[in-house]
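Subject: Structure handover

Hello,

Here is the structure you are taking over. Please have the model open while you read; my notes follow it.

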Amino acid sequence: MSDLSIITGKIRQVLFRSESNSFTVLRFRLYELTEKDIFVTGYLPELPKDILFEFSGSYIDHPKYGMQFSVESYRRLLPSDKDSIIRYLSSPLFPGVGKTLAQRIVDAYGEDVLMLIRDNPEISLDVAGMNPKKREVIVQGVCEQDNLEEAVRFFTTHGLGIRNIMKIDQIYGDKALDLISENPYRLIDEVDGIGFATADKLALSMGFDTEHPLRKEAAVVSAIMDTCMSTGDSYTDIETLTTRCSKMFGEWPMDVDEVLNRLIKKEKVVNEDGKLYHHSQYKAEIDIANFFVTFPLRTFDHSDKDVDELLSDFEARIGIEYDDIQRQAVLNFFDEDIMILTGGPGTGKTTIVQGIIDVCKKRHPSYEIICCAPTGRAAKRMKEVTGNFATTIHALLKWNLETNTFGKNASDPLLADVLIIDEFSMVDGWLMAQLALASGYVRKILFIGDEDQLPSVACGSVLRDLIASSRFKTVRLQHIYRQKEGSDVIQLAQHIKAGNFDESMCKNDVRFFGAKPYDVKDLILRIVDEAMMKGYRIQDIQVLAAK
């Protein structure tokens, strides 16, 4: 905190404010002789104008918007003169009060009235024009702002950034200090973006004992999640967990079995035949399983239009000819409730999807078809090649970044008949569970992805697990139709996947550099340097390494 700068002044204008995460851009007039206006940014509550604030933070030079003051913490300097108090009480922060009533309050109670209200919320404020509703607005406004500012001061003192503080306020409100003082480790489960390291730093700063049972429980839960994140599995076992705890926490004396038993009783961990799940991962598995067991609740309506004929019309219209596997894939989609389409790049997955969408629109013109993908880039590509609406999964489910919750769910499901999900190998178990909860009205689902691509970053390899279950129709595409002219990358990838490789395959834009293990790093750096000397930017270069 000692490295932070402190500025004092008044808010002149709110230039931008995000309702979802409270990120704010202000025009701020410094309280100094020059009365200079500067730009202030940060995660802040709605703050009134014409009130002195003290902001702690640092100056940053934004590449696009220039010099700004980035706020880390703040405190309100209560107005102490009559005119400022009247402006404050008649501001939008106190709806229904007005300038006349504010003046009467100051005339009756003096310039210490705000301190009187803060110290005695039961104060009557007995002046002409006052009623119980207005008195409540005034008392609540003064005290609520004070509670939030007290929380900001408390948490910043203990090392929390203001963005996390605003999340905490959004979830706990004026109970934040009491709840977190009792158990700071609850933040791990209840506030998205706060992990064990942050909660533990806060707890120890607040004076929690290193041997506190809540600390041990949070540590074990964190070890379970970290293990699952590193392996991609949705559960672990006691042996792996014990090893992980030793690596993470060193010689910290802790009986893992005893702590686990407490966590299981509290339903924070689920033990199913020796498989240890974090409660959120277990719930995700259950939600996914229940979804597939009962899907679909609505089936496709009957249509007299023949799929094969409609597909032939589509081929003639756009000038293509499906091979037998591609044609059968389209037919399978209309025969199956759920289908998986898997294959590497250039194997014709997108061409098949084009045919499916076209035929579906001809057979069922009233049906809503939604395409989605984990990334914006993949969603944009889907929209371009299919002409159908496409979006990211998170946008489709109305994800709230700050609370990590979804607006679309079982209570407010997706109004879609057909759901097509591209790049499905990137979807983890938890996200699939959210999709499942919101897809109760969906009649058919098409999962598209490359089972040989890297799995999702988080827990759960959903695509591989669905394929391995053999419960869903899976169409594998192997023949490569699309290959960039002069590029052998796709062919090389296919050969390596099949276990066939020799240096003769490295031609055109593929090069092979032999090196001993201890020379690999230096060789890579040299290759990157040479590429940049030839005019490549660092953004043009990717280095992929085995895990």
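Domain bounds here come from an automatic or database domain assignment. On that basis the chain is divided into domain 1 (5-76), domain 2 (82-143), domain 3 (163-285), domain 4 (302-477) and domain 5 (488-540). Between the C-alpha centres of domain 1 and domain 5 there are 49 Å.

This is a predicted model, in which local features need pLDDT of at least 70 and side-chain atom pairs count only at pLDDT 80 or more, while totals for chains, interfaces and linings use all residues. Residues are numbered from 1 along each chain as its sequence is written, and side-chain values use heavy atoms, with hydrogens and water left out.

Helix H13

Helices (H or I, at least four residues) and strands (E, at least two) are DSSP runs, numbered from the N terminus.

Which residues of H13 are buried? They are Val307, Leu310, Leu311, Phe314 and Glu315, where buried means under 20% relative accessible area, exposed over 50% and partly exposed in between (1.4 Å probe, protein chains only). Seen down the axis of H13, the buried residues fall within an arc of 145°, so they line one face of the helix; the arc is that of the directions from the helix axis to the C-beta atoms. An α-helix has 3.6 residues a turn, so residues three or four places apart point the same way. The face of H13 turned away from the buried side carries the exposed residues Glu309 and Ala316. Helix H14 (324-335) and helix H15 (349-363) are included in what covers the buried residues of H13.

Asp306 caps the N-terminal end of H13, with a side-chain oxygen 3.1 Å from the backbone nitrogen of Asp308. Just after H13, Gly319 takes a positive phi of about 75°.

Loops

Pro296 lies in the loop between helix H12 (279-294) and H13, and the peptide bond from Phe295 to Pro296 is cis, with omega near -5°.

Glu267, in the loop between helix H11 (256-265) and strand E6 (269-272), has a positive phi near 65° although it is not glycine. Glu267 is exposed, at 63% relative accessible area.

Leu33 sits in the loop between strand E2 (23-30) and strand E3 (37-43) and counts as exposed at 89% relative accessibility.

Regards

Methods. Contact means heavy atoms within 4.5 Å. A polar contact is a pair of N or O atoms within 3.5 Å; within protein, one must be able to donate a hydrogen and the other to accept it, and residues adjacent in sequence count only if both atoms are side-chain atoms.
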